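Visitor: I would like to learn how to read a few features of a protein model. Please take them one by one.

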Amino acid sequence: MAYELFYWSGLQGRGEFVRLAFEAAGAVYTDSARTPDGDERMMALLADPALRTPPFAPPFLRDGDLVIAQVAAILQHIGPTLGLVPDDDAGRVWTHQLQLTIADVVAEAHDTHHPIASSLYYDDQKDEAARRTRHFREERIPKFLGWFETVLARNPAGPAHLAGDRLTHADTSLFQLVEGLRYAFPNTMRRAEGAWPRVTALRDRVAVVPGIAAYLRSGRRIPFNESGIFRHYPELDP
């Protein structure tokens with residue numbers, strides 16, 4: 001049975017971190033974001049009173065009788081089956097820690113354009129967004145990407161991967177994080193990215209993984225846009 005991924009149509013969003021893992025592994029899955037009635041089916045499942053483990057929000061995955069929300073939890077579940085985690089317990093826990101840290105950066109990236117409330121439009125909080133984003137650009141991006149640079153440098157198996165000696169979902173997720181930051185803050189990343197050569201090299205290695213490369217060429221990848229997590233507002237990236 002194919003995995004069923006549920007996420008909003010027209011958005012990469014947090015669902016893209018799961019899609020990239022599936023694509024890297026060549027997994028069979030369906031994606032509600034690519035079906036005409038996907039949003040309606042997703043909302044019907046969320047509202048189903050028979051569902052005893054209701055997700056708080058998309059993305060969520062249906063794997064047989066299991067319904068799992070939260071990107072890190074989804075990837076923790078599918079990682080062993082897809083071969084996207086190390087074989088040992090310590091390696092799997094470490095990969096989960098890496099994924100949770102990526103989730104932290106993603107949340108902070110979202111809050112650059114919605115620092116007050118997700119229910120308000122960006123135009124309702126532009127002054128606050130400018131202040132929040134300056135700190136994110138100058139302090140948080142270097143702190144997070146600098147840490148991933150250190151992780152790669154200290155990996156006993158070498159700097160080719162974040163955990164162990166083969167591709168994991170942490171690698172594919174770091175690829176997506178770098179891509180998102182490049183889209184949202186191209187000037188910042190152009191100026192600063194040279195400080196993290198191992199991170200950039202990992203991004204480049206993931207881009208040529210056969211399943212990822214085919215996905216990027218296919219046209220199935222939803223483009224970044226100003227409705228997603230990573231948004232490009234020129235005034236926030238001088």
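Guide: Contact means heavy atoms within 4.5 Å. Axes are lines fitted to C-alpha atoms, for helices over the stretch in contact, and angles run from 0 to 180 degrees between N-to-C directions. Helices (H or I, at least four residues) and strands (E, at least two) are DSSP runs, numbered from the N terminus. Here helix α2 (residues 38–47) lies across β1 and β3, at about 80° to β3. This is a predicted model, where local features need pLDDT of at least 70 and side-chain atom pairs count only at pLDDT 80 or more, while totals for chains, interfaces and linings use all residues. Residues are numbered from 1 along each chain as its sequence is written, and side-chain values use heavy atoms, leaving out hydrogens and water.

Visitor: In what order do the four strands form the open sheet?

Guide: Two strands pair if DSSP finds at least two bridges between them. The order is β2-β1-β3-β4, with mixed pairing. At the edges, β2 (29–31) and β4 (66–69) each pair on one side only. Strands β1 (residues 3–6) and β3 (residues 60–63) run antiparallel and are joined by three bridges. Leu5 stands opposite Leu61 in β3.

Visitor: How many aromatic pairs does the structure hold?

Guide: Rings of Phe, Tyr and Trp (its six-membered ring) pair if their centres lie within 6.5 Å; planes under 30 degrees apart count as stacked, over 60 as edge-to-face and the rest as tilted. There are nine such pairs. Trp94 and Trp147 form an edge-to-face pair, 6.1 Å centre to centre with 70° between the planes. Ring pairs also link Tyr3, Phe22 and Tyr29 into a cluster.
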